[in-house]
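Could you walk me through this structure in my viewer? I would like to know what to select next and what I will find there.

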Amino acid sequence: MARVFIPSLMRDLCHGGSQVEVQGDTLRQVLDNLNTLCPGIKRRILEDGEIRPEFSLAVNGVEESMGLLEPVPDGAEVHILPALSGGARP
Amino acid sequence: MVTADKKHRVVGTRPIRHDGTDKVTGRAAYGADLRLPDMLIGRVKRSPLAHARIKRIDASKALALPGVQAVITSADLPNPADRVVPFGEGSSDLKDLARNVLAADKVLYEGHAVAAVCATDAHIAEDALDLIEVEYEPLPVVLDVREAMLPAAPILHDGLRTKEVGGEKGDQPSNVASHLQLKLGDTEAGFREADLVIEREFETKMVHQGYVEPQNGAAFWNRDGRLEIWTSTQGSFVARDQIAALLDLPVSKVRVTPMEIGGGFGGKIPVYLEPLAALLSRKTGKPVKMTMTRDEVFRATGPTSGTYIRVKIGAKQDGAIVAAQAYLAFEAGAFPGSPVWAASRCVFTAYDVPHQLIDGYDVVVNKPKVAAYRAPGAPTAAFAAESVIDELAQRLEMDPLDLRIKNAAKQGSRRADGATHGVIGNDEVLLAAQDSPHYRSELQGENRGRGVAHGFWFNIGLESSASASVNADGTVSLVLGSTDIGGTRVSIAMQLAETLGIAAEDVAPQVVDTDSVGFTFVTGGSRTAFAGGWAAYEVGMDLRRQLIERAAKIWEVQPEQVEYADDGVLRGPPGDDGAPRAITFRDLAAKLPKTGGMVVGRADVNPKTSGPTFATHIVDVEVDPDTGKVQILRYTAVQDAGTAIHPAYVEGQMQGGAAQGVGWALNEEYRYDDQGRMENPTFLDYRMPTALDLPMIETIIVEVPNPGHPYGVRGVGEVPIVPPLAAVAAAIHDATGVRFNTLPISPAAILDKLLPDGD
């Protein structure tokens with residue numbers, strides 16, 4: 001089970017919750033399962049099946065380098081961070 | 001303060017840099033030095049208006065001038081796809097990048113490129129610019145970030161809608177490209193708990209990195225379809241990828257050779273001239289070289305954002321900060337992409353604050369598109385946050401460093417973006433500053449004051465490649481993809497030397513083109529000594545494995561029986577005579593040719609970790625009440641380097657960042673008239689600090705090794721520019737009793753507040 005921290009502007013999709021616990025061994029599985037609890041959230045994070053350039057996903061504070069294939073250990077924190085390169089028009 | 005376990009032989013020493021002789025004798029080859037057979041010279045026609053529709057471009061008279069070979073406009077650029085291209089510390093929509101390289105239907109800032117010409121010499125090319133006729137329809141100009149956010153502001157991009165990051169897009173045209181919100185805890189509840197709440201507004205102006213070497217680029221588009229580029233860039237691969245995308249070429253058709261670079265600080269990551277030189281070369285069949293003037297560098301490259309920031313912090317009487325809120329609006333220049341997101345993630349990150357709310361806005365204005373500048377976004381964010389913290393300390397009657405130490409983030413502290421800090425040297429830096437001779441000294445004299453400020457930067461990892469071949473004379477040739485800024489050749493070479501147990505001087509590093517080494521990300525983000533060094537370490541480990549196998553072969557034993565010691569000596573089991581076998585790296589290298597050939601090590605690394613770092617600066621100033629001039633009397637920079645590979649270059653980065661920050665605080669600004677024409681595009685009028693303006697900046701290197709790196713390295717180049725703005729402002733407050741919340745704190749700004757009205 002991973003604990004996903006929901007950015008404030010996505011909490012409307014998660015009934016106002018700031019954290020959601022979901023199953024998943026990879027970021028792809030975590031986001032798939034998150035989408036069932038927070039319908040529509042995957043569309044805000046992904047574009048054409050990849051993480052949108054304005055975001056970086058972090059597992060236990062370490063930003064992924066394998067995209068959605070990044071492993072997610074049991075009990076991990078998953079953060080949806082604004083990309084440091086930020087501000088570009090998507 | 002050194003907390004690292006000093007067990008290294010090479011790391012931590014100060015060898016002479018490998019490129020030192022070439023640099024000091026003038027033999028090092030920069031872009032402007034390039035001479036190719038039949039080379040043409042290109043120049044750029046730029047807009048005199050800050051906002052206008054292009055009605056017509058007529059180059060016929062220019063083309064008729066003897067010596068002129070070709071003219072290009074945006075019509076010569078392939079139609080760009082609407083996708084985002086990442087490049088180092090920034091990213092850009094490809095369409096925006098193309099429109100910035102050559103304006104299409106509109107010019108969006110004074111100096112915006114509208115056409116380019118090449119000729120047989122620079123004088124003819126210059127004359128031809130005047131013969132290119134451009135008809136404009138002037139449009140209203142918006143220069144200030146807050147005015148640009150107003151609903152009635154002139155709109156730069158009709159198609160731009162505000163993107164709520166993580167949310168939906170707006171439905172009305174706007175200059176606000178994006179809005180980001182970070183939220184931790186409940187700030188309203190937090191502020192209710194506070195005994196003291198301070199809220200202040202801050203403004204800073206657009207400033208430039210001020211690198212000495214102007215942008216340049218040369219291109220030769222061969223008849224076989226391959227494009228060769230020579231340029232001054234912080235990232236040859238990232239330049240290649242931008243050029244290939246802009247020209248709709250496969251990356252395999254483009255080779256970029258990085259020339260020596262005369263400074264970048266983030267500003268030499270985007271491309272400007274290279275695609276123009278390429279198109280001109282394709283038209284003429286000849287190589288084309290282009291070089292900017294200083295005027296062009298100011299008007300048409302990427303400075304960093306002017307900002308409006310509002311910060312509110314609440315603390316308990318004992319100094320515990322319970323809530324913090326920030327509103328950050330950053331000028332992106334003509335196209336979206338300011339560093340406001342990084343600023344938002346940095347603004348309170350040095351502190352453990354349970355309740356935080358941060359809103360960041362990326363706003364387009366009629367100024368040049370900003371580029372990265374050393375810890376992009378963090379210095380102005382820290383100026384605001386640290387100034388409020390300084391005022392909190394004053395009002396709570398606490399020592400300003402005690403207040404920071406009380407609230408310092410630690411391992412496990414949660415940041416506003418939700419993630420937690422790993423192993424960091426935050427406390428260690430603050431304590432080292434408090435214990436420094438400077439801070440413990442007494443400052444005496446009229447009109448003098450002392451200020452301190454603290455700063456944070458993430459640092460980044462990302463991909464680096466390297467290879468190395470062992471020579472029979474015992475030296476190693478190291479091939480790198482990172483262009484050398486601030487001595488990165490030597491700092492990477494030292495990490496290979498450490499791994500092999502040889503001298504730094506026995507490693508010969510060279511920076512090569514994009515066809516000669518694996519993908520390597522930009523020199524920036526404070527990643528090169530970190531990730532490049534990691535690649536060098538892996539190259540060393542690859543060589544060690546191969547050398548162990550070779551020694552085992554020579555001794556006719558199994559590789560598992562051979563040990564490669566850190567002193568560069570390989571030891572095996574006793575021989576037939578019972579004596580222990582041992583061979584040095586140098587002696588083994590001499591045997592390689594006749595025992596199977598030379599060996600080559602390779603590595604490509606993509607570290608997930610990076611090693612965030614902190615800095616505290618202390619500054620003493622004297623303010624002349626008659627002239628408003630601020631003299632820096634003493635300056636000390638304290639910083640966690642993780643492990644200082646080459647302490648002299650770490651100190652150089654700390655001093656350089658402090659010097660740039662002092663300029664930002666006191667003098668530097670883009671000054672515009674009301675039509676968006678820059679009034680100070682020279683180093684005479686855009687006042688950067690010189691050696692005469694600064695004392696020797698004292699440095700204290702703290703070493704809290706980064707557990708995410710083989711040698712404990714943290715990036716060092718960016719964080720030293722984060723604290724100076726607030727530190728200088730605090731010192732001026734201490735000297736004058738007046739708080740300055742707008743930068744620069746120029747003599748005129750000081751006199752405006754110190755003198756009675758009308759004087």
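Happy to, and keep in mind that this is a predicted model. Begin by selecting helix H11 of chain B, residues 378-396, which lies across E12, E17 and strand E18 (321-333) of chain B. Relative to E12(B), the helix runs at about 145°.

In chain B, seven strands form an open sheet in the order E10-E9-E11-E19-E18-E17-E12, and their pairing is mixed. Look at its two edges, strand E10 (169-173) and strand E12 (196-204) of chain B: each has a single partner strand, so one side of each is left without a neighbour in the sheet. On average, neighbouring strands here are turned by 10° against each other, direction ignored.

Last stop: show chain A as well. Here 40 residues of chain B are in contact with 24 residues of chain A. On the chain B side, the elements that give two or more residues are strands E4 (84-87), E5 (90-93), E9 (161-164) and E11 (176-184), along with helix H10 (340-346). Which element gives the most to this side? Colour E11(B), which gives the most, with six residues. If you then colour the chain B side by residue type, you will find 16 nonpolar, 14 polar and 10 charged residues.

Key. Residues are numbered from 1 along each chain as its sequence is written. Chains are lettered from A and ligands numbered from 1 in the order in which they are written. This is a predicted model: local features need pLDDT of at least 70, side-chain atom pairs count only at pLDDT 80 or more; totals for chains, interfaces and linings use all residues. Two residues are in contact if their C-beta atoms, placed from the backbone, lie within 7 Å. Helices (H or I, at least four residues) and strands (E, at least two) are DSSP runs, numbered from the N terminus. Ala, Val, Leu, Ile, Met, Phe, Trp, Tyr, Cys and Pro count as nonpolar, Asp, Glu, Lys and Arg as charged, and the others, Gly among them, as polar. Two strands pair if DSSP finds at least two bridges between them. Axes are lines fitted to C-alpha atoms, for helices over the stretch in contact, and angles run from 0 to 180 degrees between N-to-C directions.
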